[in-house]
Amino acid sequence: MTTTTTLPTEERVVRREALYFAVRNAKLLIGFAVVLSLLLLGVFGPVVLSADTPNEYVGGTMLPPSGEHWFGTTTFGQDVFTQFVYGLRTTFLAGALGGGIAAVIAMVIGFVAGYRGGLVDEILNMFTNVVLVIPTLAVLLIINAYLGIRSVGVQALFIGLTSWPWAARAIRAQTFSLRGREFVDLARLSGMNTRKIIMREIAPNMSSYLFMTFILLFGGSILIASSLDFIGLGPTEGISLGLMLQNATAWSALQLGMWWWFIPPGAAITAIVGALYVANVGLDEVFNPKLRET
Amino acid sequence: MSLRVSELRVHYRTLRGEVKALDGVSFAMDDGEILGLAGESGCGKTTLGKSLIRMDGRMRHAGGTVELDGRELPIGDDRAMNEFRFHEISLIPQYSMSAMNPTRRIGKMIGELLRSRGVAVDTKELHNRIDLVGLPREVLNRYPIELSGGMKQRMVMVISTLLDPSLLIADEVTSALDVSTQKAVAKALLGFRDNGFVKSMIFITHDLALTARLADTIMIMYAGKLAEKAPADKLIKAPRHPYTRLLINSLPEIGVRHEQRKLSGIPGSPPSLLDPPKGCRFRDRCPLAGDECGEEPPAVEIEPNHYVACWKA
Amino acid sequence: MLKVDNVTKVYKVGTFGSRTMTAVDTVSFDVRPGEVVSLIGESGSGKSTIGKMILGLTPITSGSITVDGVAVKAGKEYYRAVQGVFQDPFSCYNPIFKADRVFQLIKESYYPSVPDTEWAERVRSAIRDVRLNPAEVLGKFPHQLSGGQLQRLLIARALLLDLKLLIADEITSMLDASTRIDVLNLLAELKARGLGVLYVTHDLSLGHYLAERTVVLRRGAVVEMGLTSKVFDDPLHPYTRQLLSAVPRLHAPWEDAAPVETCLYHERGATGGLLEAEPGHHVACARLSDC
C-alpha cells in the first residue's frame, strides 16, 4: 500500500519497535487471539458450513451437543452451531459498524473541541450534551418502529449516530490536557498544521485510550443491537447472538436445561468484549516506553 | 546536641533494584543551628529530610541511627514516629500550596488539626505568630484558595511550628516563590529560630546563595553522601571539596557578566545510585582525581566543624 | 530585528468571555541581531505571554510585533526564522517517540528534498555545536536523557533552520546549577552567529550574566529597560530596586532597597508611558508612592 511507503522514517521505526514489543506481550497476544479466532469463525464458518441459511430445520429437536450437532439443536430442530456462526458474523458487523461510526464521530468532535477550545468548544460541547441526554433506546425504538428498519447496516448506523457523546467528552478531556503540553507548541513551531498535530502528536499519545474507547463503543453497540433484537426490532432475516439469546429466553431454554442454546452466544459476547479489554491493557504496555522497561 | 545522625542509609525500592539514595551519612546539629542542605537533584537531600520525619512507601531504612535530644528516633517505624511528628519534628513540605484542605477555613482547619493531636488552640500565641510572619490575622477566616503562594507558604510555616518542635525541616520551601516573597519567607524562618519556636532547622534547597543567607552551617551532598560540611561563611569563602568549588564557580552572581568572566558548569552527570561506583563518587567528574580516589574518602574534620570527604582536600 | 510595538494582551475569562484580564499592557521593546535581551519579571508579569505572542502561539489583542519588518504569522515561513525553547524540557518532547524525532519534523517541513545521509550529517553537526556527543543522545527516548541534554537538543533543532531570533523562555529554571550555566553559555555563543535572543526569566542574576539589555516587567507593563549595566548598577524604578535587593547573594548579606529620592518623572513634568532618563535607559512612572 502507498501509505506504508510514504510513512516518515521515524514513525516506521516506532512501528517496528511497537511490533517488537507487541509480539512479546502475552496480554495483547491472548486478547487478539481470542477475538481473531471468533472473528475468523464468523467470517469463514458460514462459507464452510453445509447449511445455506442459519435458521434451516435440520431434524431432531432439543438435542444436546453431539458429533453431528456440535452445539445441539433448538426447540424447533435448528442447529445451534450454525446459528452461532452466522450470529457471530452479524454481531461483529453490528459492533464494528456501530462502534466504528460512533468512534469516528466522537474523535472528530472530541479532537476539534479539545484542540480548538473557546467558542468552538462551547458549541460542540453543548451539542454533545444535548445528544447525551436523549434517551437513546427510546429514540431507536421509535425510529425502528416507524421506519421499519430491518437490515443490520441501518441498525448499526442508528446505533452509531446515538452512542458517541460520552466518548466525545472523554476524548475532548484528554485532548485538552495534551494540548497544554509544550510539545504541541513545538510541533506548531515545526510548521505542522492542526490536522497533522492532532493525527501525529496527540492521537498517538492516546492511542490505547482511543482503542479502549472503541472497544467500549464496540461492546455497547453489540449490547444495544442485542436489546433491539430482543424486543423484536432486530433484523427480520438472519440471526444474531442477541437474537439467539432472545429465542432461548422466549422458549424457556433455561428452565428446560438447554444450556447449549444460551451459553454459546452469551459466552461469545463476554469473550469478545473481555478479550478486547485484555488486549487493550497489553497495548498500553506496548505503546508506553516507560511501562516497557519495568 | 539536638540532632545526631550516624551512618544513615535509606534505600528506594524500584522495579530495577534498590536505589541507594542515602548511603551512610553522619552529621550532628546544635541547638539553635540552621543547617542548609544543598546539592544537585538526586543527591539525597530530600530523601534525608523525608527520612527524618516520614518515609514514603518505597523507602526502606537500611541502617544507621538518628538521635534527637538524646532519644533515638524509630524512623523505620511509621506508627512509632507519630509520637514525634509535629511535637518534636515538623516538616514544611515543598508544595505546601496543596497541603491545606481546600474546603475548610484556615482557622477551623488548625483547630481540627490540633485536636487530632490532643492539643487545644492557643489563640493568642497563634495571632502572635501570624503577626510575626507578616500576615493579617483575618487569614484565619479565609479559605486556602484565597491566599497567594507566599501567604500559604507562611501560613503552613506557622501551623507546622505551633507546638514548638525541636527540629523543623523546610524542604525547598521557597523554590516556587518569586524573589521578593522568597526573601520574606526566609526572614520569617530566621525569626522562628530567633524567637525559639523551633530549636533547630534543616533548610533544604538547591539554591546555594539562598542557603548562604540563611544557614549557620552548610552541608553539601553528592550522590547520597556527604561531600563537605562547614560553617556557612567558611564553605562559601574557602571550600575544600572540588565539587563544592566547582558548584560555587558555576553560580552567576549579580556583577558577573558573560563577556567578562565566562563561568562553566561541571561536565558529566552524577552516577546512578542503583549500583554506585567504588571509591569516590565524584571521581569521574573531578579535575583533581588521582589513584587514591579509587578508595572511598571518609568525611574528615580537617579543622573544627569543617568536614570534607576528599583525599585531596 | 524584533520590534514589539505597543503590544497589549487581554484575556477573556469566565463563561463566554464575560470578564477580561489584561496580561500585557502596551509593551514596546526591540531585539537587535547579535544581542541577548533579557525579559525579567515575577510570576504574573506577562513575560511568558509576550514570548508566546512573538512565537504566534497566542494572538495579540492590539499593537504589533514584527521581525525584520514582517508581522508575526504562525506558519512555516515565519518559523524558519523565529524559534522557541521552553521551560520544561520533558514536556517539550512527545513521550512516546524518541527525542531525535524533533529533528525529523524539521526535515519533513523544511528540507524534504535533502537526502537522508546529508541530513543525518547536518543533525550530528548541530548536536556537536551544542556540545553534545551525537552517539550519546541519538536514538534515545526523552526519559533516558537529562534535562540539560534535552534543552541542548532543542537549541540544536532551532539551529538547523535559517534562524534569526530565538525565544528562550525560562529554559534553565528546571536545570541543576552545574548544567544550567553551560546552556546559558550556549545562548551567548549564538550571538556570534548574528542571532537575536530573547531570554525570558525570573532570575535576575542569570539575566545579568547573559544579556546586553534588560527589560523589567511588572504586572504586564515595562517598568524599566536599558543596558543591563545601567539597569542593574543604577536602577531608577523602586520596583527594580526592590527586586535587586531581594536576590540572595553568595558573598553579601541582604540589603534593603534604597528609596527613590527624586522622581525624575514628575520632576520633568512627564505623564504616562516610559521616560528616557538617559540615552537608552527608560523608566516608568513609579506610581508606587505619591511623589
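Reply: Happy to. Of the 313 residues in chain B, 44% are buried, where buried means 20 or more other C-beta atoms within 10 Å of a residue's own, exposed means 12 or fewer, and partly exposed lies in between, with C-beta atoms placed from the backbone. This is a predicted model, in which local features need pLDDT of at least 70 and side-chain atom pairs count only at pLDDT 80 or more, while totals for chains, interfaces and linings use all residues. Residues are numbered from 1 along each chain as its sequence is written, and chains are lettered from A and ligands numbered from 1 in the order in which they are written.

Chain B holds nine helices and twelve strands; these are DSSP runs numbered from the N terminus, helices being H or I of at least four residues and strands E of at least two. Its radius of gyration is 20 Å, close to the 20 Å that the globule rule gives for 313 residues, so chain B is as compact as a globular protein of that length. That radius is taken over C-alpha atoms, and the rule is 2.2 Å times the number of residues to the power 0.38. The C-alpha trace of chain B spans about 65 × 50 × 40 Å along its principal axes. Among contacts in chain B with a separation of 6 or more, 65% join residues 24 or more positions apart; a contact means C-beta atoms, placed from the backbone, within 7 Å.

Now find strand β9 of chain B, residues 217-222, where six of six residues are buried. B:Thr217, B:Met219 and B:Met221 point one way, while B:Ile218, B:Ile220 and B:Tyr222 point the other way. In a regular strand, side chains alternate between the two faces of the sheet. Strand β3 of chain B (residues 34-38) pairs with β9(B) in the parallel sense over four bridges, pairing requiring at least two DSSP bridges between two strands. Here B:Leu37 stands opposite B:Met219. Strand β10 of chain B (residues 225-231) pairs with β9(B) in the antiparallel sense over six bridges, and there B:Ile220 stands opposite B:Glu228. The hairpin of β9(B) and β10(B) has two residues between the strands, and B:Ala223 takes a positive phi near 50°.

B:Arg240 counts as buried because it has 20 C-beta neighbours inside 10 Å. Leaving aside neighbours within four places in sequence, B:Arg240 is in contact with B:Glu228, B:Ile302, B:Val308, B:Cys310 and B:Ala313. B:Ala313 is 73 residues from B:Arg240 in sequence, yet the two are 5.3 Å apart, C-alpha to C-alpha.

Next, the neighbouring chain. The contact between chains B and C takes 30 residues from chain B and 29 from chain C. On the chain B side, α6, α7 (208-214) and α9 (242-249) each supply at least two residues. With five residues, α7(B) gives the most. The chain B side divides into 14 nonpolar, nine polar and seven charged residues; Ala, Val, Leu, Ile, Met, Phe, Trp, Tyr, Cys and Pro count as nonpolar, Asp, Glu, Lys and Arg as charged, and the others, Gly among them, as polar.

From chain C, helix α10 (residues 238-246) has several buried residues, among them C:Pro238, C:Tyr239, C:Leu243 and C:Leu244. The buried residues of α10(C) pack against α6 (179-194) of chain B together with α8 (204-210), β9 (213-218), β10 (221-227) and α9 (228-233) of chain C.

Finally, the cores. The largest nonpolar core has 155 residues, and A:Ala106, C:Leu166, C:Ala168, C:Leu198 and C:Tyr199 have the most contacts inside it. Such a core is a set of buried Ala, Val, Leu, Ile, Met, Phe, Trp, Tyr and Cys residues joined through C-beta atoms within 7 Å. A second, separate core of 86 residues includes B:Ile53, B:Met155, B:Val158 and B:Leu273, which brings us back to chain B.

Methods: Two residues are in contact if their C-beta atoms, placed from the backbone, lie within 7 Å.
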